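Me: I'd like to go through this model helix by helix. Could you take my questions one at a time?

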Amino acid sequence: MRTCASIISSFNERVGNKEAIAPDEWMLGAMFLNTLIGEEQGRLFDTEQEYMRQCLKWIELGESNAVAEKKAKMTSEYILFKKQQAFVKQVEEFIRLAKKHATINHEQGA
């Protein structure tokens, strides 16, 4: 099954092994990621909602917003939220870089 994580992992491995990756492969990876990113954004919204529930829990227990936020940031829900947020940014950046790489390569070949 093709996922954003598997695509990113594959490219990371190939880059780490110093393999040459053709421009069309970069674009194909970017197209797949662009199609699949919606699932990752959905996960991001879910993890953010869980983090916000943690904040709300502390507010309902009488804590101020600032204290509730600090306590919620110490939970696993917050860590999952931040990791998912970083992953979505990584996918978006991969798509941008792949497009740029293909454009530069196309201009050099023209």
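Me: Which hand does the crossing of H1 and H2 have, left-handed or right-handed?

Reply: Quick caveat before that: this is a predicted model, where local features need pLDDT of at least 70, side-chain atom pairs count only at pLDDT 80 or more, and totals for chains, interfaces and linings use all residues. Residues are numbered from 1 along each chain as its sequence is written, and side-chain values use heavy atoms, leaving out hydrogens and water. A crossing is left-handed if the near helix is turned anticlockwise from the far one by less than a right angle, and right-handed if clockwise. For H1 and H2, the crossing is left-handed.

Me: At roughly what angle do the axes of H1 and H2 cross?

Reply: Helices here are DSSP runs (H or I, at least four residues), numbered from the N terminus. Axes are lines fitted to C-alpha atoms, over the stretch in contact for helices, with angles running from 0 to 180 degrees between N-to-C directions. The axes of H1 and H2 come within 8 Å, and they cross at roughly 145°.

Me: Which residues of H2 make the contact with H1?

Reply: Contact means heavy atoms within 4.5 Å. By class, this contact has 10 nonpolar, 1 polar and 3 charged residues, where Ala, Val, Leu, Ile, Met, Phe, Trp, Tyr, Cys and Pro count as nonpolar, Asp, Glu, Lys and Arg as charged, and the others, Gly among them, as polar. H1 brings Cys4, Ile7, Ile8, Phe11, Arg14 and Val15, and H2 answers with Glu25, Trp26, Gly29, Phe32, Leu33, Leu36, Ile37 and Glu40.

Me: Arg14 is a charged residue, so is it buried or exposed?

Reply: Arg14 sits in helix H1 and touches Glu19, Ala20, Ile21 and Glu25, not counting residues up to four places away in sequence. Buried means under 20% relative accessible area, exposed over 50%, and partly exposed in between (1.4 Å probe, protein chains only). Arg14 has 18%, so it's buried.

Me: What about Glu40, buried or exposed?

Reply: Glu40 lies in helix H2. Beyond its neighbours within four places in sequence, Glu40 is in contact with Cys4, Gln84, Phe87 and Val88. Its relative accessibility is 8%, so Glu40 counts as buried.

Me: Which residues touch the most other members of the largest nonpolar core?

Reply: A nonpolar core is a set of buried Ala, Val, Leu, Ile, Met, Phe, Trp, Tyr and Cys residues joined through side-chain atoms within 4.5 Å. The largest one has 22 residues, and those touching the most other members are Leu33, Val91 and Phe94. The elements giving it two or more residues are helix H1 (4-16), helix H2 (23-60) and helix H4 (76-109). Leaving aside neighbours within four places in sequence, Val91 is in contact with Cys4, Ile8, Leu33 and Ile37.

Me: Why is H2 called oblique to H3?

Reply: Angles under 35 degrees count as roughly parallel, over 145 as roughly antiparallel, 65 to 115 as roughly perpendicular and the rest as oblique. The axes of H2 and helix H3 (residues 65-72) come within 8 Å and cross at roughly 135°. That angle makes H2 oblique to H3.

Me: What phi does Lys18 have?

Reply: Lys18 is in the loop between H1 and H2, and at 77% relative accessibility it counts as exposed. Most residues other than glycine have a negative phi. Lys18 is not a glycine, yet its phi is positive, at about 60°.
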